[in-house]
Amino acid sequence: MAAFVPPPGAPRPNNNSNTPPPPPPNYNAQRYPDSLSDNMQNLNLNRQQQPPIMPNAAPRPSPFGQPPPFPGASAPYSRPGPPSARPAAPPQGTFPPGTAAVRPTGPPPGQSSPFGSRPPPPGSFPPGVAPTPAPASSPFQRTGMPSGQVSMPPAPSSGPGPFSGGQAVPPTGAPGRMSNGPPAFGSGAVPGGPRFPPPGNLSQPLVGPPPPPTSVAPPRTPTMHSVLGGPTPPGSIAQQAPPFSSGPQGMRPPPPGSPYSPQSWPMQQGQVPPPPQFPGSAPPPQYPGSSPPPQYPGSAQPPRMYGMPPQPLPNQSMTTISSAGSQTGTPVGSSKIDPNQIPRPGPSSSVLLHETRQGNQANPPPPATSDYIVRDNGNCSPRYMRCTINQIPCTADFLTTSGMPLALLVEPFALTHPSEEPIQVVDFGESGPVRCSRCKGYINPFMKFIDQGRQFICNLCGFTDETPRDYHCNLGPDGRRRDADDRPELCRGTVEFVASKEYMVRDPMPAVYFFLIDVSMNAIQTGATAAACSAIHQVIADLPEGPRTMVGIATFDSTIHFYSLKRVEQPLMLIVPDVQDVYTPLETDVVVQLSKCRQHLEDLLGRIPTMFQTSKTAESAFGAAIKAAFLAIKSTGGKLLVFQSVLPSTGIGALSAREAEGRANISSTEKEPNKLLQPVDKTLKTLAIEFAEYQVCVDLFITTQSYMDIASISVIPRTTGGQVYYYYPFSAVTDPAKLYNDLRWNVTRPQGFEAVMRVRCSQGIQVQEYFGNFCKRIPTDVDLPGIDCDKTIMVTLKHDDKLQDGSECSFQCAVLYTTLYGQRRIRVITLSLPCTSMLSNLFRAADLDTQFSCYMKQATNEITSSPLVRVREQMTNLCISSLLSYRKFCATVSSSGQLILPEALKLLPLYTLALIKSTGLRTDGKIDERSFWINHVFSLSVPLAVPLVYPRMVAVHNLDIKKDGDESPIPPVIPLSSEHVSDDGIYLLENGEDCLIYIGSLVDSGTLQQLFGVNTADELPTQFVLQQHDNSLSKKLNDVVNEIRRQRCSYLRMKLCKKGDPSGAFFLSHLVEDQSPHGPSYVEFLVHVHRQIQIKMAS
């Protein structure tokens, strides 16, 4: 076989060691009793503001959950318990050439899984399940009009639409028949439902044709004052722009032993620790060969497979929306849509067991936001890679006709369900994994062996290769290799290969962590420096153990201060005054092994806030500081964690306060691109490319109370595979706990270093573009100095040839990376989907969550270069185009007054409306908040996309009212409309980043006393810290907040909002179904979409 040529990368000095890195040790060690979960949800909820005891801290297990590659090893994780001694050096292990080192299928009974999966935001209805109707008090039913069929006046045919003329009419099949593939189910479940309910709640998904569509009368179009954020109509209430939006919904407890199950952690003063509820975990299901689905504890029967067995569905799966009939006294020309017919996210269904393939067919995946357990039998788990359409159109014209995007959302290190099999590791020895000699695709279940196994045909390029002699195996009667079920690479869609030496341009890099802290006057006075030092001090115990872990630290204001940690006495400060031409003094003393400098580092972190307490230096040499820190770790690469509090004002990459210019020209940004959302120049971008070349990943923690020009400085994390954390306005009272939890999750989550990724496609499809946080130096690959479980990369696709109807199209993502413990691995993720020439199949196979995530990323990419009006119109037109195509070519003949939505995309108008009202697409928000939103969306995962713009709102005041059988601490969600918010209620709204608590003006004083310990809302402080009081209502509120934080893998910031002051208007502005200055109401938007479809149909 031809040798693989590694992607280009800069050679590193000081790497002449030929000693192979040891495999990861067996970390079957106890965790801290105060950790929230085992390597998944590394958050400490309501943690005391004091560092834990360090000396006997337990080692952190490998984030990949990969046990040592030798038989007999025990599971790498255990339940939290008392600290244990640090393990010795990792043992050596070998893989015999050509054999698969298979990881155990799960942890032993009584132990938790390595890491769980992030709970999802929005979920879905299967087509056979009717959406939950809105309550009788719905904001849209003001006149009590009965529903019925009313004819809609013909739409005016003024103005051609984007689909008028020139549209190819696709071939249509016989009604009720599909040419290939199982039917897809509609998506749209509640955003944020629990992804992993208890195994006992497993149930059978509904399979079969959906009920007939509901028909109700059509609406007359009301006057549209502000469909896309125009002027506010008279009488409407101007509302303040929210800095975020999002949502999730009703949940059940996680499975026993999962990372979401309650564990113990220190409480803040005034809190009572909750009792443990889930004592142990049942062993995960085993999947030997093709055995039947396993039984789950507490379940009467095994779960049915999602989407299987395939059954014929009617050719039309749709939702129809019509208006309520008018009554006497209704003004002429006005109409109302029946609120019971408006699609909204519904409650999550029970957990599903998803077989990725069955009967040699790809199964359509469950919605990204639903609860499911994956059984990988050929195709990869949809957690790792999802396609916007689960059947591939045969031609480019056919795709254009559908109006839908074709793209992959790839999350290579996504968190998995605790009951799923871990990724299996295979070692082919020095020869490396079997690959196609033409396209370099990796061996996978869809490569076809012929000639008694002596040759194989690549499923990506079609080339026929000779099978390596030591990999040969005879074929069985079914044409498959006899050992296919015993080799993970031949029966699993996701597998990990041990990389041979030909994949290395140098020895695998060590785990290097360099901390850079702002000590300017503002940072010291606001407490940001002290908070950063405290967080680092506590996180040191969570860094990987062993001699390969290196650390360094520096501080900066108008100069840069390095610290020599090798000295026997106290660390020595080394000052670099030149911020234009920086250098690193005594490089070998600045970055040292953690095991040799732990005590010095902890002492130094305790002294830094007082060392600079009297500093009067207000300037910040941010650019020079990161350049100097980069020089210190340039020879190895690593993570650079920067804590920044003021605008960089001196030295390399100095910036000026551009925000004032933006306020003066706020009206012009509607009609032209906003330059303040673009980097001021290319200085920092040039630095970032150099960092990426030497495998340095930068994470930026912005703890500020003023403008920071995030648009300029966020270029560095985005290019190097890092992340931006934004704490504005920083509060020394409320934010240190979040800063600590964010930093801890950053260093303990599943991740890899010095990675390179490439996506390959079958003939007829090719990669068009990549979007995400990475550096791209050659067209085919993306360089990722850092990659983790929170990073998603969008890969847009295009046709370069016609595909054959009935065949399958394959996609393969390969990520070459280094583990925290110095092993070079190749993670290979393969997905094979059927091709179709029937448009109805495409709409049935549409993936709403994935498509909307693509729309969000596309909007983010356009915001900096296009006027906001154009971006909002573009997003609306994308929604209209796909719905028009469905109505024109797939829907049966019906009244022109009915808005017909494909079942799989019925929530697309709601999510599109939420997007055009979101922080990034407004002009009235702060520039830094919009820049942060843009940067955040770039790498956002599919399950978290909808919650960011469509929040979850629940009532807090009646938490004591519990329905029988509802085990979730989170109450049912409330529609995002102000008519569902009463003055005597308390409400919680969260989007995965922030958590708002709204207090009405007439709330009972007894409720306030129970929840907050005050009699009136005026007594509550502005800087709010949630505490637990000795009563059931307070305990339940704390349980709700902690459960949300567990689900989101994020320590959400708490913000208090009161009716009658600006914070109350801020809360109400997140109710995206209401009319606001940022856009129409949900009802008005549906009417607008309907009218546009009518116009285009008539043209």
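Contact here means heavy atoms within 4.5 Å. The model is predicted: local features need pLDDT of at least 70, side-chain atom pairs count only at pLDDT 80 or more, and totals for chains, interfaces and linings use all residues. Residues are numbered from 1 along each chain as its sequence is written, and side-chain values use heavy atoms, with hydrogens and water left out.

**View A. Surroundings of Phe514.** Beyond its neighbours within four places in sequence, Phe514 contacts Gly552, Ile553, Ala554, Phe562, Val590, Val591, Ala629, Ala632, Ile633, Lys639, Leu640 and Leu641. Phe514 and Phe562 are among the residues with the most contacts inside the largest nonpolar core, which has 165 residues. Such a core is a set of buried (under 20% relative accessible area, 1.4 Å probe, protein chains only) Ala, Val, Leu, Ile, Met, Phe, Trp, Tyr and Cys residues joined through side-chain atoms within 4.5 Å. Helix H15 (residues 868–889) gives the most to this core, with 10 residues.

**View B. A second, separate core.** This core has 41 residues, including Cys533, Leu605, Phe612 and Leu743.

**View C. The loop holding Ser381.** Ser381 lies between strand E7 (372–375) and strand E8 (385–387); strands are DSSP runs of at least two residues and helices (H or I) of at least four, numbered from the N terminus. Ser381 is buried, at 5% relative accessible area. Not counting residues up to four places away in sequence, Ser381 touches Thr356, Val374 and Thr494.

**View D. Ile575 in strand E19.** Strand E19 spans residues 572–576. Ile575 is partly exposed, at 47% relative accessibility, a class that runs between the buried limit and 50%.
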